[in-house]
Amino acid sequence: MSQLADLRAAVKLPLYMDNHATTRCDPRVLAAMLPYFSEDYGNAASRTHVFGRTTEAAVDKARAQVAAAIGASADREIVFTSGATESDNLAIKGVAHMYRDKGDHLITVATEHKAVLDAHHALEREGFRTTFLQVGSDGLINLEELRAAITDQTILVSVMAVNNEIGVVQPLAEIGKLCKERGVLFFCDAAQAVGKIPVDVEAWQVDLLAFTAHKMYGPKGVGALWVRRKAPRVRLEPLFHGGGHERGLRSGTLAVPLIVAFGEAAEIAVREQPQEAVRLLALRERLLKGLQGNLEHLYVNGSLDHRSPGSLNVSFAYVEGESLLMGISDIAVSSGSACTSASLEPSYVLKALGVGDELAHTSIRFGLGRFTTEAEVDYAVARVTEVVNRLREMSPLWEMVQEGIDLSTVNWTGH
Ligand SMILES: *Cc1c(COP(=O)(O)O)cnc(C)c1O
């Protein structure tokens, strides 16, 4: 207990370990953005005066920074949007509507972000068909299943880079190669990937890629869709119609301050990615080893080998999920159940991995990030240990496990 008090004294509470949900805007990014709220307020489409030309140049610079962050050669291939949700919708619906003469079949994965899944559901209501690939207990797709799912009616395969709940990284280069061989477009939601793992549209042979500033220490409300312009030239039907901004793909006055910030955030994130990956991996290993050293019956959800460095999702057996979250309320994390809804629905991602409801309810997603310190990790280990131990002491199930009773043999009904 006194050890916990010492650790508590070394950190500022509450701790933020929910960097998959969003990240704090980096002070360098904020500084780059501020002038575009005050003196440099021109409309980037106003070519007739210096106000517009100044912001147009700032947008051009940001476009180049953002393109470079994903290994894209031509900056004309970036379409600025309001975030990854819009980019996901523009990619999936845009391709489906443009290529509907070629086919009506799309492929994606059961563990994708809601923006991707629901875009497919909307298209299904229009008559498109989607195959939702399942994943193994490691969270990864099976390439043979993908190969078998592609038909001559398939127009798009959508697979995310890094999963937002469990952090696993899909075999992107292999997926890209397969799609290329079969002449099918490949879209990747890389919202959780840029700045976390190397992202390269050529290495992955991807045709469209979505990402967003607020997951890489930029502001909320701005993102991008990269669209391949050569070999093949990908065409899209826009979601919005209007002034023809972004080559007609996304009408609407450009959000210059946010775009400038996105450019800066992307440049910093990719420049610092190699060192940051090493630092985050060390912190994550400290977190996992600390928890494993103190507690039994803890389960890591998803592959540890194919995983974004700052990401850890673990379930704690023999505790009650809500009590666990309440017990660690001074640490901001996410859990595997959607507590916002009246019914505690376990996460569909964990379900797809085959995690049972009980363990899904006690899962915690730790999202370590740029501002996470070793002291914070040590506090989190001590705090979670204390709460899990306390809850287990109150649990009759835990008592039976301690007495060596195999719970699977217990006749609960008493008949
Ligand atoms: C956060 C996130 C999104 C949504 O991004 P917004 O910019 O918040 O719309 C989409 N996909 C993934 C994988 C994400 O993590």
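Let's start with salt bridges. The count comes to 22 of them. Keep in mind that this is a predicted model. Side chains of opposite charge can pair when their charged atoms come close. I'll walk through three of these pairs, then a network.

Take Arg365 and Asp18. They form a salt bridge, with the closest N and O atoms 3.0 Å apart. Arg365 sits in strand β15, residues 363-367, and Asp18 sits in the loop between β1 (15-16) and α2, so the pair ties together parts that are 347 residues apart in sequence. Are these two buried or exposed? Arg365 is buried, with a relative accessible area of 10%. Asp18 counts as buried too, at 12% relative accessibility.

Next, Arg228 and Asp207. Their side chains meet in a salt bridge, 3.2 Å from N to O. This pair links distant parts of the chain, 21 residues apart. Arg228 is in the loop between β8 (223-227) and α8. Asp207 is in the loop between β6 (185-189) and β7 (208-212). Arg228 is buried at 7% relative accessible area. Asp207 is buried as well, at 1%.

Why does Asp378 count as partly exposed? Its relative accessible area is 23%, and partly exposed covers the range between under 20% for buried and over 50% for exposed. Arg286 is partly exposed as well, at 34%.

Now the network. Salt bridges that share partners join Asp26, Arg28, Glu272 and Arg370 into one network.

On to the domains. The chain is divided into two parts. Domain 1 takes residues 2-25 and 273-398. Domain 2 takes 27-269. Their C-alpha centres lie 29 Å apart. The contact between them takes 28 residues from domain 1 and 39 residues from domain 2.

What about the inside? The largest nonpolar core has 69 residues. Which of them have the most contacts inside it? Ile70, Leu209 and Phe211. Helix α8, residues 256-294, gives the most to this core, with ten residues. Both domain 1 and domain 2 give residues to the core, so it lies between them.

Look at Ile70 in the model. Leave aside its neighbours within four places in sequence. Then Ile70 is in contact with Ile78, Val194, Val199, Asp200, Val201, Leu209, Phe211 and Trp226. There is also a second, separate core, of 32 residues. It includes Leu312, Leu368, Val388 and Leu391.

One more buried residue: Thr130. It lies in strand β4, residues 129-133. Its relative accessible area is 13%, so Thr130 is buried. What does Thr130 touch? Not counting residues up to four places away in sequence, Thr130 touches His105, Leu106, Thr108, His120 and Glu124.

Last stop, the surface. Leu30, Leu34 and Phe37 form a nonpolar patch there. Together they have about 300 Å² of accessible area. Phe37 lies in the loop between α2 (27-33) and α3 (50-69). Why does Phe37 count as exposed? Its relative accessibility is 54%, and exposed means over 50%.

To recap: 22 salt bridges, two domains, a core of 69 residues lying between them, and a nonpolar patch on the surface.

Methods: Residues numbered from 1 in each chain as written. Predicted model: local features only at pLDDT ≥ 70, side-chain atom pairs only at ≥ 80, totals over all residues. Heavy atoms only, no water. Patch = residues over 30% accessible without salt bridge, like charges linked within 9 Å, V, L, I, M, F, W, Y side chains within 5 Å. Areas by Shrake-Rupley, 256 points an atom, 1.4 Å probe, with all protein chains shown as cover. Salt bridge = Lys/Arg side-chain N within 4 Å of Asp/Glu carboxyl O. Helix = DSSP H or I, 4+ residues; strand = E, 2+ residues; numbered from the N terminus. Buried < 20%, exposed > 50% of the residue type's maximum accessible area, 1.4 Å probe, protein only. Core = buried A, V, L, I, M, F, W, Y, C linked by side-chain atoms within 4.5 Å. Domains from an automatic or database assignment. Contact = heavy atoms within 4.5 Å.
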